[in-house]
Amino acid sequence: MRLLIPLLLALLLPAARADALNICYHYGCSRHAQFGISEEEHDWLATRLARAETAPDERDAVADAVLALYRIAARTTPIWQDRGGNFRDGPAEGRMDCVDHSSNVTTFLNYLQRQGWLKFHRAAPPEWRAPWILDLHYTGVLRDNADGQNWAVDSWFKDFGEPPVVVPLSVWMTGYEPPAVSEPVRQARKSKEGSTP
């Protein structure tokens, strides 16, 4: 009887919410892992997206959500070792190329959409560019519901812990790269309160 009561209580209590998402890394999505999103993290993401009252607000919120989901995934995977671009990663287990990043961002955007949190955009398939033939590069894409404009959501350019760049896809297609950021500005961004759960 002593063992039966805790079992009955466990069955009667509501199960803690735990969404699971796939993440890939180690270049070319050669390694995959699942990570869980707790109820608290789920609620933080819902609240962050709900505060967006315009399409530009929502793109800012999506950048915060992508950053938050990467940070959550990094608790159980080695992706925290990733550095911006491909050449500074070295042999790190958690390194990610643009194939990994575009796949992960697309997974994240589809998750946000399935939750019903996107009011002004929807997830679109990844896009690629090759402005100099050998410079092939992929990105996740967000589509504006009102005017149909596509936006690149690209987390490949920056070190782990930085938000993705969100720029018009037409600009990204021309070979766009974000300007270099000074260390004081980088530190100020990292200490921005409320940008992740």
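These points concern a predicted model and cover its confidence, its nonpolar cores and its salt bridges.

1. Confidence. The protein chain has a mean pLDDT of 87, with 81% of residues at 70 or more. Residues 3-15 should be read apart from the rest: their pLDDT stays under 50, and the model gives them 0 contacts beyond four places in sequence.

2. Main core. The largest nonpolar core holds 33 residues, of which Phe35, Leu45, Leu69 and Leu112 touch the most other members. Two or more residues each come from β1 (18-25), β2 (31-38), α2 (39-50), α3 (55-73), α4 (98-114) and β5 (150-154). The greatest contribution is that of α3, with 9 residues. A second core, separate and of 10 residues, has Ala124, Val167, Leu169 and Trp172 among its members.

3. Phe35. Beyond four places in sequence, the contacts of Phe35 include Asp19, Leu69, Ile72, Thr76 and Phe108. Two of these partners, Asp19 and Thr76, are taken up below.

4. Asp19. This residue lies in strand β1 and counts as buried because its relative accessibility is 16%, under the 20% cut-off. Its side chain makes a polar contact of 2.6 Å with that of Tyr111. Other residues touched by Asp19, outside its sequence neighbourhood of four places, include Gly36, His42 and Gln115.

5. Thr76. The loop between α3 and α4 contains Thr76, which is exposed at 58% relative accessibility. Beyond four places in sequence, Thr76 touches Gln34 and Phe35. The C-alpha atoms of Thr76 and Phe35 are 6.9 Å apart, although 41 residues separate the two along the chain.

6. The whole structure has 6 salt bridges. One joins the side chains of Arg31 and Glu93 at 2.3 Å, N to O. Arg31 is in strand β2 and Glu93 in the loop between α3 and α4, so this pair ties together parts 62 residues apart in sequence. Arg31 is partly exposed at 32%, as is Glu93 at 33%. In another salt bridge, the closest N and O atoms of Asp144 and Arg59 are 3.8 Å apart. Here strand β4 (residues 137-144) is tied to helix α3, the two residues being 85 apart in sequence. Both Asp144 and Arg59 are buried.

7. Salt bridge of Asp159. Asp159 and Arg88 meet through their side chains at 2.4 Å, N to O. Asp159 is in the loop between β5 and β6 (165-168), and Arg88 is in the loop between α3 and α4, 71 residues away. Asp159 is buried at 19% relative accessibility, whereas Arg88 is partly exposed at 45%. Arg83 joins Arg88 and Asp159 in a network of salt bridges.

Technical notes. Residues numbered from 1 in each chain as written. Predicted model: local features only at pLDDT ≥ 70, side-chain atom pairs only at ≥ 80, totals over all residues. Heavy atoms only, no water. pLDDT = per-residue confidence, 0-100. Contact = heavy atoms within 4.5 Å. Core = buried A, V, L, I, M, F, W, Y, C linked by side-chain atoms within 4.5 Å. Buried < 20%, exposed > 50% of the residue type's maximum accessible area, 1.4 Å probe, protein only. Helix = DSSP H or I, 4+ residues; strand = E, 2+ residues; numbered from the N terminus. Polar contact = N/O pair within 3.5 Å; in protein donor to acceptor, adjacent residues only side chain to side chain. Salt bridge = Lys/Arg side-chain N within 4 Å of Asp/Glu carboxyl O.
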